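Me: Can you walk me through this model? Keep it short, please.

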Amino acid sequence: MIKEALNYNTQTKAAENFMKQKNYKNALNAYLSSMFQNKNNPAAYIGISKAYKGLGEYEKAIKHLNNANKISRQIKPKKKVDFDIYYELGINYLLNAEPCKALGCFHKAIKLNPKNLNAQIQLAITHELLEEPDIALMIYDKILEEKPEFILCYNHKAGLYMQMGEFEEAARVFKQILKINPGYFRANLGLGICFDKLERKYFAVRYYKKYIAKKPNSDTTKALVGRIVEIYSKKSNTKRRLKIVG
């Protein structure tokens, strides 16, 4: 028994290290070895599911999470284990384009751990995918009441406003992000896009340039440089037409 326990712990630690390295194939093999040492441990099945998720095999991940759920009902583990099962199930259902199934999983996860804001954000994203933006916005607002400086939540909220075509509202949210963290370069990009859509080209260029200054070598920067050139060329063409008319 002692030897088996040591072997199980060794395999689990090896699997966790492989996961940190994003070496999902070796992590899967190590988790499978640990599962064979103890088939009644839901944590091993959760680990296997995370490895399969990393490999993009979401249905296999879901299958092992459901196995973990069956075992957890028999042995009554800690709440954290059940939370991990439902949270991971929700994530995998989203990745597998099954938001209806994800919805129930995130509700169960939040019931087990109401303070986990990541689960709440995933619930909001699920409502977005179900074309229920009002509910998603309500969840984002509730999260921000609890944690007013949670930039990730502001980012998702702004992104949703942009999807809805509400660029004024999205711009306000991006400005709130910059008040919290002036160095958050993605907010500059968001503001640039919003002002571009609102036909406020001067402000769009201003924020595009701020993003470029922070990320000069990114692929996005290359596209933005092209967009700035396009904006300036349109301005110069407009001036020429005005001179001709005058």
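**Loops, a helix and charges**

Me: Where does K22 sit?
Reply: K22 is in the loop between α1 (2-20) and α2 (24-37). Helices here are DSSP runs of H or I with at least four residues, numbered from the N terminus. This is a predicted model: local features need pLDDT of at least 70, side-chain atom pairs count only at pLDDT 80 or more, and totals for chains, interfaces and linings use all residues. Residues are numbered from 1 along each chain as its sequence is written, and side-chain values use heavy atoms, with hydrogens and water left out.

Me: What about the phi of K22?
Reply: The phi is near 60°, a positive value in a residue other than glycine.

Me: Is K22 buried or exposed?
Reply: K22 counts as exposed, at 62% relative accessibility. Buried means under 20% relative accessible area, exposed over 50%, and partly exposed in between (1.4 Å probe, protein chains only).

Me: And A97, what is its phi?
Reply: A97 is not a glycine, yet it has a positive phi of about 60°. A97 belongs to the loop between α5 (79-95) and α6 (99-112). At 64% relative accessibility, A97 counts as exposed.

Me: Switching to α7. How many residues does it have?
Reply: Helix α7 has 13 residues, 117-129. From first C-alpha to last, α7 reaches 19 Å, close to the 18 Å expected at 1.5 Å a residue. The expected span is 1.5 Å times one less than the number of residues.

Me: How many residues of α7 are buried?
Reply: In α7, 11 of the 13 residues are buried, so the helix is mostly covered. Among them are L117, I121, L123 and I125. The buried set also includes H127 and E128.

Me: Now charges. How many salt bridges are there?
Reply: A search of the whole structure finds 12. A salt bridge is a side-chain nitrogen of Lys or Arg within 4 Å of a carboxyl oxygen of Asp or Glu.

Me: Which partner does K157 have?
Reply: K157 pairs with D141, and the closest N and O atoms are 2.7 Å apart. K157 lies in α9 (residues 151-163) and D141 in α8 (residues 133-146), so the pair ties together parts that are 16 residues apart in sequence. K157 counts as buried at 11% relative accessibility. D141 is partly exposed, at 33%.

Me: What about K222?
Reply: K222 meets D219 in a salt bridge (3.8 Å, N to O). K222 and D219 are three residues apart in helix α13 (residues 219-245), so about one helical turn separates them. K222 is exposed at 59%, and D219 is exposed at 61%.

Me: Last topic. Which residues form the positive surface patch?
Reply: K175, K179, R206 and K210. Patch residues have over 30% relative accessible area and no salt bridge, and like charges are joined within 9 Å. Lys and Arg count as positive. A charge is placed at NZ of Lys or CZ of Arg. Accessible areas come from the Shrake-Rupley method with a 1.4 Å probe.

Me: Which helices supply the patch?
Reply: α10 (167-180) and α12 (201-214) each supply at least two of its residues. K210 is found in α12, and K210 counts as partly exposed at 36% relative accessibility.

Conventions
Patches are made of residues with over 30% relative accessible area and no salt bridge: like charges are joined within 9 Å, nonpolar side chains (Val, Leu, Ile, Met, Phe, Trp, Tyr) within 5 Å.
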